[in-house]
Amino acid sequence: MKKIVYLSIIFFIISNSIFAQATDDSYSQKKFVEDFDYLITELKLQHQGLYEYVEKNETNAKIDSIRNTLETCQTKLEFYEKLRYVIGLTNEGHTSIDLPRWSMIKFGLSKSFIPLTVKLCNENLIVTQNYGNEVTDLKKGVKILSINGRKVSEILKKVYPLIPTDGFNETSKSEWVGGLNFSLLYRLVYGKEKKFKIEVQEFNKNKTQTLTIPAIRFTKFKTKKAKFASQDFDYNHFKFEQINDSIAYLSIPSFGDDHINYEKFYQSNFKKIDSLHIKHLMIDIQANGGGTEGNENLLFSYLSNKITQKYKQVTMLPRPYRKNKNKEGYIEDAWKLEDTIAKRGSFTLFSDYYSDLGYEKPQKELIYSGKLYVLISGKTFSGGAEFTSLVKMTNRGIVIGEETGGTYEGNVSGYSEYVKLPNSKIEVKIPTVHFQINVEPKIKGRGVIPDYEVPQTWKDYLNGRNTKKNFTIKKIME
């Protein structure tokens with residue numbers, strides 16, 4: 001079975017919610033209640049995350065509380081926002097909710113967006129790009145202090161609940177709030193504003209500057225409209241680099257890039273690592289949001305000659321299982337209904353399971369046995385987080401960076417069912433497979449905690465430097 005997730009999902013989840021504000025169609029409370037109950041039924045029948053992190057009675061009480069507020073709903077948008085709170089109760093970043101496409105298109109033409117993209121570097125909200133024609137004195141890399149009188153800390157507190165996340169994780173929110181998402185989220189929370197009075201501050205300077213920036217249409221966020229030179233980092237590319245005679249760096253930003261032959265990529269680079277007699281290997285997955293199941297396992301196979309039980313079990317509720325049990329992937333993975341739960345075949349629980357990708361195990365002489373350092377961040381999600389879990393649970397290497405966006409104990413992802421609500425036509429993507437990593441975390445619902453916490457710094461961002469990589473090199477050479 002293939003388990004695929006891309007971080008661009010987050011963009012579409014958020015942008016759909018923004019564009020939906022164009023929809024102010026009035027619906028009766030009866031229709032809202034019908035759709036609400038329909039969704040709750042489907043979640044209970046198909047989504048295993050609903051009661052994973054919070055007790056069933058407490059979760060149901062929260063659902064009832066949200067349902068009781070439907071009498072105040074006047075528009076589809078208001079109803080949609082209520083449903084987002086429900087989706088949040090699944091504590092699962094793979095779940096998404098979308099409105100009809102025509103709603104998105106209509107609102108995308110509204111001139112109401114901040115013409116900037118940003119990145120949060122160690123709690124500093126940094127401007128990364130400017131798409132506004134009328135803004136000439138704004139510098140790249142300045143820190144935003146406030147927007148229209150609202151402090152950045154206040155803004156983040158408002159927008160964070162709208163970003164889906166695994167468990168109780170916060171680092172993924174700080175990553176996914178960046179890029180175009182910030183402008184979209186700000187628009188959703190604070191409504192239509194024609195101008196933005198933005199207070200900024202340059203690095204290492206006490207003086208602040210206040211600029212008034214006109215809003216733009218979402219359709220203006222195009223590469224040709226960008227005012228700054230693009231900033232690039234090594235961790236965004238598939239890259240091997242020899243640092244010196246004993247240290248090497250390998251960046252793997254995704255486990256789901258269709259342009260990469262992972263089997264050949266791993267084999268080629270581990271041949272280099274072997275021939276160069278590398279003693280310290282950094283594997284950078286701080287931008288890795290997951291991909292196809294099997295690619296993370298094959299990478300781990302190049303790092304350990306031991307086969308590890310990665311999952312306690314992989315399960316699915318009866319409803320989606322019965323619907324799909326005769327499909328080829330389900331048959332290949334030996335899914336079987338046992339009492340009240342369907343379970344995937346035991347052979348799929350181990351670190352040498354490569355899904356249906358047809359990979360061969362690495363040649364023994366290419367399995368790296370030297371010291372390993374794994375670089376992570378809040379963007380390290382799904383398969384990226386699972387790879388980190390494998391390294392952590394086997395004590396195979398040192399983990400450096402920031403808490404992973406995916407939880408240490410696994411996730412609900414894999415095969416998904418799409419549910420369209422009968423009246424509002426809102427569509428919800430429900431992941432159905434619960435991948436339970438074979439660990440007992442000290443704190444449930446958190447990501448893999450690094451051995452050394454190293455966030456990307458504001459200064460390093462301005463200079464195009466990879467903070468985690470530089471820290472690790474210094475640590476090795478101490």
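Residues are numbered from 1 along each chain as its sequence is written, and side-chain values use heavy atoms, with hydrogens and water left out. Because the model is predicted, local features need pLDDT of at least 70 and side-chain atom pairs count only at pLDDT 80 or more, while totals for chains, interfaces and linings use all residues.

**Exercise 1.** State how much space lies in the second largest pocket and which elements and residue classes line it.

*Solution.* Step one is the term: on a 1 Å grid over the protein atoms alone, a pocket is an open set of points with protein on both sides within 12 Å along at least five of seven lines, whereas a cavity is a set of points where a 1.4 Å probe fits but cannot get out; lining residues have an atom within 4 Å of a point. A volume is the space filled by probe spheres set on the points, which are joined across faces, edges and corners. The space in the second largest pocket is about 490 Å³.

Step two is the lining, made of 27 residues, with Gly-88, Leu-89, Asn-91, Pro-161 and Lys-173 nearest the centre. Two or more lining residues come from each of α3 (56–68), α4 (76–88) and β1 (96–98); here helices (H or I, at least four residues) and strands (E, at least two) are DSSP runs, numbered from the N terminus. Helix α4 supplies the largest share, five residues.

Step three is the division by class: 13 nonpolar, eight polar and six charged. Ala, Val, Leu, Ile, Met, Phe, Trp, Tyr, Cys and Pro count as nonpolar, Asp, Glu, Lys and Arg as charged, and the others, Gly among them, as polar.

**Exercise 2.** Describe the largest cavity and its lining.

*Solution.* The whole structure holds two cavities of 30 Å³ or more, and the largest cavity has about 40 Å³ of space. Its lining includes Gly-49, Tyr-53, Asn-91 and His-434. Strand β18 (residues 410–420) contributes the most, three residues. By class, the lining has two nonpolar, six polar and two charged residues.

**Exercise 3.** Determine whether Glu-123 and Ser-382 are buried or exposed.

*Solution.* Most residues other than glycine have a negative phi. Glu-123, in the loop between β3 (116–121) and β4 (124–130), has a positive phi of about 75°. Buried means under 20% relative accessible area, exposed over 50%, and partly exposed in between (1.4 Å probe, protein chains only). With 72%, Glu-123 is therefore exposed.

Ser-382, in the loop between β16 (371–376) and α13 (383–393), has a positive phi of about 50°. Its relative accessible area is 1%, so Ser-382 is buried.
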